[in-house]
Amino acid sequence: MTKQTGPDLFGNNEPQGDLFGGVPAEPEWKPNPDKVRGRLERILAEARAAETMPWDWSQQNLYKTIFPQMAGLLPEEEAAQYCFQFEQEWERLKAA
């Protein structure tokens, strides 16, 4: 199909606008550091209170994945400290 260069058959000589009015920019999501810390602290508290692994296989996989990701939302040094504490508890519980 070729591009029409002559006048519009319907008398409209203005270019066609965007059908959907453009795509609005998505608002940037920023985590609440206090909520992140609270969640990390709850997971650590649960691990510290346990004598053996308190989580089933599914929860273990979940926490092993999301704990470092959530910690990564905090400042680097703080994230490293949370991850270190989690790994210590994880190893203790695996050995129990």
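The model is predicted: local features need pLDDT of at least 70, side-chain atom pairs count only at pLDDT 80 or more, and totals for chains, interfaces and linings use all residues. Residues are numbered from 1 along each chain as its sequence is written, and side-chain values use heavy atoms, with hydrogens and water left out.

I begin with the overall arrangement. The protein has 3 helices and 0 strands, where helices (H or I, at least four residues) and strands (E, at least two) are DSSP runs numbered from the N terminus. Along the sequence the pattern reads α-α-α. Of the 96 residues, 21% are buried, meaning under 20% relative accessible area with a 1.4 Å probe, protein chains only. Among contacts (heavy atoms within 4.5 Å) between residues at least 6 apart in sequence, 66% join residues at least 24 apart.

I turn now to helix α2.

How do the axes of α2 and α3 cross? The axes of α2 (residues 57-71) and α3 (residues 76-95) come within 8 Å and cross at roughly 160 degrees. Axes here are lines fitted to C-alpha atoms over the stretch in contact, with angles from 0 to 180 degrees between N-to-C directions. That makes α2 roughly antiparallel to α3, a term used for angles over 145 degrees. On the α2 side, the contact is made by Q60, Y63, K64, F67, P68 and A71; on the α3 side, by A79, Y82, C83, F86, E87 and W90.

Next, the core. The largest nonpolar core has 18 residues, a core being a set of buried Ala, Val, Leu, Ile, Met, Phe, Trp, Tyr and Cys residues joined through side-chain atoms within 4.5 Å. Those with the most contacts inside it are L40, I43, F67, Y82 and F86. Each of α1, α2 and α3 supplies at least two of its residues.

Finally, I consider Y63, which lies in α2. Y63 is buried, with a relative accessible area of 4%. Leaving aside neighbours within four places in sequence, Y63 is in contact with R39, I43, E46, W55, P68 and F86.

Conventions: Angles under 35 degrees count as roughly parallel, over 145 as roughly antiparallel, 65 to 115 as roughly perpendicular and the rest as oblique. Buried means under 20% relative accessible area, exposed over 50%, partly exposed in between (1.4 Å probe, protein chains only).
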